[in-house]
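Please read these points with the model open.

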Amino acid sequence: MGMRCFSTNVQYDVAVIGGGPGGYVAAIKAAQRGLKVVCIEKRGTLGGTCLNVGCIPSKALLNSTHKFHDAQHGFAEIGIETGPISMNFTKLMQTKDKAVTGLTSGIEFLFKKNKVDYVKGWGKFDSPTTIAVDGNDGKKSIINAKHTIIATGSEPNSLPKGVLDIDEKYVMTSTGALALTEVPKRMVVIGGGVIGLEMGSVYARLGTKVTVVQGSDRLCPSLDAEITIQFQKILKKQGMTFMMDSKLKSGVNNKEKGCSLVITTPKGEETIETDCVLLSIGRKPFTEGLQLDKVGLTANKHG
């Protein structure tokens, strides 16, 4: 079957598949307790979604744009007078990247310090005690481990095939929204949860006309109602527009010509033109490709 795998002769006590906040913490802890540990991560950098394309870069952008917004709208009120203020978008993105690289290399240092072996590649079960790794360098190997921790995290949900396909440039998840090269004039956010509203708020402060399409009658339905009502008022003040009890019916991605969306609203169907779409409709467990059947595990329909 294809390439021959070379087998590492090391016998590990614990292998951790995934180097995110669940995986890297478990790997370090196990090593500190005296176990021989390996962590397998395909991204090529540690820290998972949270650190690479999630909470950390989002908060970096939220923090910078908050300061920008404050300087534009809040300073004059307290007597601080400035000239016209503008945002250097390239520099903004570089600062965010610097925060991320600093933290990911910090975790790599902790691995070295605690003697955790770090393998860059895609790990999948070969048997209950062996893990096959497709290395990022193209090499295949087999890792022997008595115990395995599955810490493969989650990935963004996507719409049913053909409704609106993600290209991470014009139709994007939070990953693409964190890597835009210029500020779009118009953005439609599908999903009024935390992730969509964070990124929506960042771009609204930078001057994008942001419209949020939310399926229920309030934002962040899992949060306390009083909080979400106040939250929506603040975001409206920032210039964001909301279509509540509304859903995306269909859409066409015309690349640089923008996207055309058909939205089902309580008042009927409405067509919206936008430069880009941010799909933020929740996340799902990322367990595909682990070959769970080889260890007698089955995943439910959510993975």
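1. A disulfide is a pair of cysteine sulfur atoms within 2.5 Å. The sulfur of Cys55 has its closest cysteine sulfur in Cys50, at 3.3 Å, which is too far for a bond. A search of the whole structure finds zero disulfides.

2. This is a predicted model, in which local features need pLDDT of at least 70, side-chain atom pairs count only at pLDDT 80 or more, and totals for chains, interfaces and linings use all residues. Residues are numbered from 1 along each chain as its sequence is written, and side-chain values use heavy atoms, with hydrogens and water left out.

3. Cys50 is partly exposed, with a relative accessible area of 24%; Cys55 is also partly exposed, at 37%. Partly exposed lies between buried (under 20% relative accessible area) and exposed (over 50%), with a 1.4 Å probe and protein chains only.

4. The largest pocket has a volume of about 470 Å³. Of the 32 residues that line this pocket, Lys42, Arg43, Thr152, Ser154 and Phe286 are the closest to its centre. On a 1 Å grid over the protein atoms alone, a pocket is an open set of points where a 1.4 Å probe fits, with protein on both sides within 12 Å along at least five of seven lines; lining residues have an atom within 4 Å of a point. The volume is the space filled by probe spheres set on the points, which are joined across faces, edges and corners.

5. Which helix gives the most to the lining of the largest pocket? That is α2, with four residues. Helices are DSSP runs (H or I, at least four residues), numbered from the N terminus.

Conventions:
Helices (H or I, at least four residues) and strands (E, at least two) are DSSP runs, numbered from the N terminus.
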